[in-house]
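Student: I am new to this structure. Can we go through it in short steps?

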Amino acid sequence: MEESNRQKKIAGVLQNDIANVIQEMLREAGQMGIIVAVSKVSVTTDLSIAKVYLSVFPSDKATPLLEEITKLTPRIKHQIAQLTKNQLRKMPNLTFFNDDSLDYIEGIEKAVKGVDNPLQNPDLLEKRKKK
């Protein structure tokens, strides 16, 4: 089902504010060399839950950073609520997910360029099987 204009508007506001808050938190924590981008925010039809997809570079730090952000969700939610208090009546609950689409695209590029060619190296097929 397609998102309503209200859902798109709230998602846009949240995406911008969440990116700013997370960048500020990383700066305060002294985390240098990590780039976090909010790639997508989708809000449910009743506006109670917002799914936030984060792209983290370098991708090997994504899992620990996502766990830390999940622990700090109440603080992030409070800061976003303060920023959007004139725009939103009720702040949606935030759930964070890792957006690993860049890694997926990179894998496809390697396969197309012939770096990871399963025809030349059959051992790669074992890695590609679904578990």
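Student: Is Lys8 buried, partly exposed or exposed?
Tutor: This is a predicted model, so the values are computed from it. The relative accessibility of Lys8 is 40%. Buried means under 20% and exposed means over 50%. Lys8 therefore counts as partly exposed.

Student: Which residue meets the side chain of Lys8 in a salt bridge?
Tutor: The N to O distance in this salt bridge is 3.7 Å. The cut-off is 4 Å. The partner of Lys8 is Glu2.

Student: Is Glu2 buried or exposed?
Tutor: Glu2 has 66% relative accessibility.

Student: How many salt bridges does a search of the whole structure find?
Tutor: Glu2 and Lys8 form one of them. Glu24 forms another with Arg27. Arg75 also forms one with Glu28. The search finds 3.

Student: Where do Glu24 and Arg27 lie?
Tutor: Their closest N and O atoms are 2.7 Å apart. Glu24 is partly exposed at 35%, and Arg27 is exposed at 52%. The two are 3 residues apart, about one turn of the helix. Both lie in helix α1, residues 5–29.

Student: How many residues apart are Arg75 and Glu28?
Tutor: Arg75 and Glu28 form a salt bridge with closest N and O atoms 3.4 Å apart. The pair links distant parts of the chain, with Arg75 in helix α3 (residues 73–83) and Glu28 in helix α1. They are 47 residues apart.

Student: Which element gives the most to the largest nonpolar core?
Tutor: This core has 27 residues, and Leu14, Ile18, Ile22, Leu54, Ile76 and Phe96 touch the most other members. Each of α1, β1, β2, α2, α3 and β3 supplies at least two residues. The element that gives the most, with 8 residues, is α1.

Student: Which residues does Ile22 touch, not counting residues up to four places away in sequence?
Tutor: Ile22 is among the core residues that touch the most other members. With those sequence neighbours left out, Ile22 touches Val36, Leu54, Ile69, Ile76 and Phe96.

Note on methods:
Residues numbered from 1 in each chain as written. Predicted model: local features only at pLDDT ≥ 70, side-chain atom pairs only at ≥ 80, totals over all residues. Heavy atoms only, no water. Buried < 20%, exposed > 50% of the residue type's maximum accessible area, 1.4 Å probe, protein only. Helix = DSSP H or I, 4+ residues; strand = E, 2+ residues; numbered from the N terminus. Core = buried A, V, L, I, M, F, W, Y, C linked by side-chain atoms within 4.5 Å. Contact = heavy atoms within 4.5 Å.
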